[in-house]
Amino acid sequence: MAETNSQAIVGKLQSRYGTYSRGQLQSQRKQFWSFVDYANGNSQYTFFGSALGDTATPNLQKTNMPVQGSFGTSSFLLKTIRMALYVPAPGINYAAGTTTYLTDATSALWADLTDGFAQAGLLKFTVGAKDFVTIPKPYLYAPPADGRSELYISNASVTEAAGAITTASFNAPEADLNRQAENVYNVDPELYIDFQENFRVSLEFPAGAVTRIGTTSLASSAGSLFVGVTLDGVEFRPVQ
Amino acid sequence: MASESQQITQMLAGRYGTANYKNLQVLKWQYYDYVRIAPSTGVISQKLNFFSVPQGAIDPNSGIAKTLEETNLDRNGQFTYDYVITAIRTHLQVLPKSRQNSVGALTTVANLNVGGADGSLGQPTGTYTFLEKLSGLGTMIVNFGQKRYFEVNQPFKTCPRGAGVSVKQYGGGAQATAAGVTTQRSYYYSQSQDPRDIYRTTPPLFVERDSIIDASIQFQDAYTTGNFTLPDVVAASPGSFAFVNVGLIYDGFAIVPTQ
């Protein structure tokens, strides 16, 4: 389509005095991510709805979006989608759960992964008014697949009373989302999202909110667990 | 176009220099930099800077001069060669026992890496469980010049080391206790040692040798002293936290002049 006069004039001015080189693009691998507070279960979570510096996403741990709902002056080729989560306080008191590890299912995050929110929900990626990606049970089918670390746990030893047989389960429970790189959810064919094009990503539980289970060590209160989505692909940005 | 002085220098270098920049060679190369994660307080630094302290200079957290084991950076904040980055790794490394903290005598404690008792890294509230949670936090930011080229969330997970020991079984150890009491549950944390998991930079990034590197891992969310203090390994010895280094490793190719 031919440029209008004003576009041509702006273009000329921009190429001569602008802060970036118009029409020249640079590409690089890029991840955009967005995390929200899981609290104790909502029926819907919206991601990428706030930009870095907004009240809900004040720092890079929560998002690196330049503007809300679009990639700003960059365009983006979406290649993979990864669900993720994090616990904000690394000093979590595992000792609070040690007395219950052997007897109940409420002592750590593992129960939420094997029997909680990770087993439910659906993820929607919408551009404009059209759904482009819908993934059921996204924590299973779009795992982090990012080289996730391992926590190995030994068996517990039990000293038995003389002549008595102690009944106990010996393994402490631990689970993680699927971490192997080859299990990543590929958007195939890839999806190109133009600069300043609006998109929306939501995790929905239309059959009902899923409350937290493993709350002995990790509180179910707001601020203790954040869930998120990482969009991985190639960013195209103007050359400066 | 080269200035007159540059032309003269090039001519002299071509004729008498120790390197020939007209003939280039490509070598598989890693640039790496390890920094101590916490100073003597045991509180993890909110911002860990990489490739800013070259060999021979003092790591501000450990107070020890860096050797080739910690970094192969020769110049402050600059690569020695033109370099193509094809992958990024991080390494959350608990130092070997002989280099551990003298507070709490971690260099000689019997059960540093096994068991869940006092004196072990594997206690339920110990170093390994702390590092596992820490690996879910932080953002890696890499700028060359003034411009941002990499921004990676949860870098210890997303950019794992992709190498290392594969633990098959982990022991809880033994401890005399009262009858019927369960003890000695222990933990061992490891980043992925599978090379397929490392973070590949597609497309690769070419970095010129004089570009200024500004690379860091920052912990911006819920950063408080309480949340980010490494746990004591020996309960009776305050300050007996484990020495942990964090490495940032670039995989790629160096473009070096022939000699």
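Student: In S9(B), which residue is the bridge partner of Ile141(B)?

Tutor: This is a predicted model, where local features need pLDDT of at least 70, side-chain atom pairs count only at pLDDT 80 or more, and totals for chains, interfaces and linings use all residues. Residues are numbered from 1 along each chain as its sequence is written, with chains lettered from A and ligands numbered from 1 in the order in which they are written. Strands are DSSP runs of E, at least two residues, and helices are runs of H or I, at least four, both numbered from the N terminus. In S9(B), Ile141(B) bridges to Ser216(B).

Student: Over how many bridges do S4 and S9 of chain B pair?

Tutor: Two strands count as paired if DSSP finds at least two bridges between them. Strand S4 (residues 139-144) and strand S9 (residues 213-218) of chain B run antiparallel, and their bridges number six.

Student: Which strands are at the edges of their sheet in chain B?

Tutor: The sheet is open, has four strands with antiparallel pairing, and reads S2-S9-S4-S5 in chain B. An edge strand pairs on one side only, and in chain B that describes S2 (47-50) and S5 (147-153).

Student: Zooming out, what percentage of chain B is buried?

Tutor: Call a residue buried if 20 or more other C-beta atoms, placed from the backbone, lie within 10 Å of its own, exposed if 12 or fewer, and partly exposed in between. Of the 259 residues in chain B, the buried share is 41%.
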